[in-house]
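Me: I have a structure to go through for class. Could you help me read it?

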Amino acid sequence: MGRLRRSRTHKAQRDVHRASRTRARKRDLDQIQLNDLRPAARAALERQPLDIEKPGLAQHYCVECARYFESDAALQTHWRSKLHKRRCKKLREPAYTIEEAEWAAGLGRELSKPKTGFSNEPLGATH
């Protein structure tokens, strides 16, 4: 005889989805690029006053990932991790502008395409 399926699994799935919707969100890439990476804002974030509410008393902060760490060793390990390096690579790319978003949605004029490194022309075509 086979194993019986566990009953009442729908509620458990619903709770998982609800938790992901109400979770505290991290800062988005465009917020970090526009606000946190400026030299004055970066210096202020790296030298925060003591705060007992935050991990590590808010003394070990990664600006690129917008994360607090418990110790300096944990922060150093994070800087060498793949997650941090991927995040830094994404931050090097320019953020999308409103004009680019409107053009992609078909709302912009064809003459005023945003200047990007991509082209729709074939490789051998010249004007």
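Me: Is histidine 78 buried or exposed?
Reply: Histidine 78 is buried, with a relative accessible area of 6%. Buried means under 20% relative accessible area, exposed over 50%, and partly exposed in between (1.4 Å probe, protein chains only). Please note that this is a predicted model: local features need pLDDT of at least 70, side-chain atom pairs count only at pLDDT 80 or more, and totals for chains, interfaces and linings use all residues. Residues are numbered from 1 along each chain as its sequence is written, and side-chain values use heavy atoms, with hydrogens and water left out.

Me: Where is histidine 78 placed?
Reply: Histidine 78 is in helix 4 (residues 72–79). Helices (H or I, at least four residues) and strands (E, at least two) are DSSP runs, numbered from the N terminus.

Me: Which residues does histidine 78 touch?
Reply: Leaving out residues up to four places away in sequence, histidine 78 touches Cys62, Cys65, Arg67, Phe69 and His84. Contact means heavy atoms within 4.5 Å.

Me: Changing topic, which residues of helix 2 are buried?
Reply: In helix 2 (residues 29–36), the buried residues are Ile32, Gln33 and Asp36. Seen down the helix axis, they fall within an arc of 120°, so they line one face of helix 2. The arc is that of the directions from the helix axis to the C-beta atoms.

Me: What do the buried residues of helix 2 pack against?
Reply: They pack against helix 3 and helix 5 (82–92).

Me: And where does leucine 57 lie?
Reply: Leucine 57 lies in the loop between helix 3 (39–46) and strand 1 (61–62). Leucine 57 is partly exposed, at a relative accessible area of 38%.
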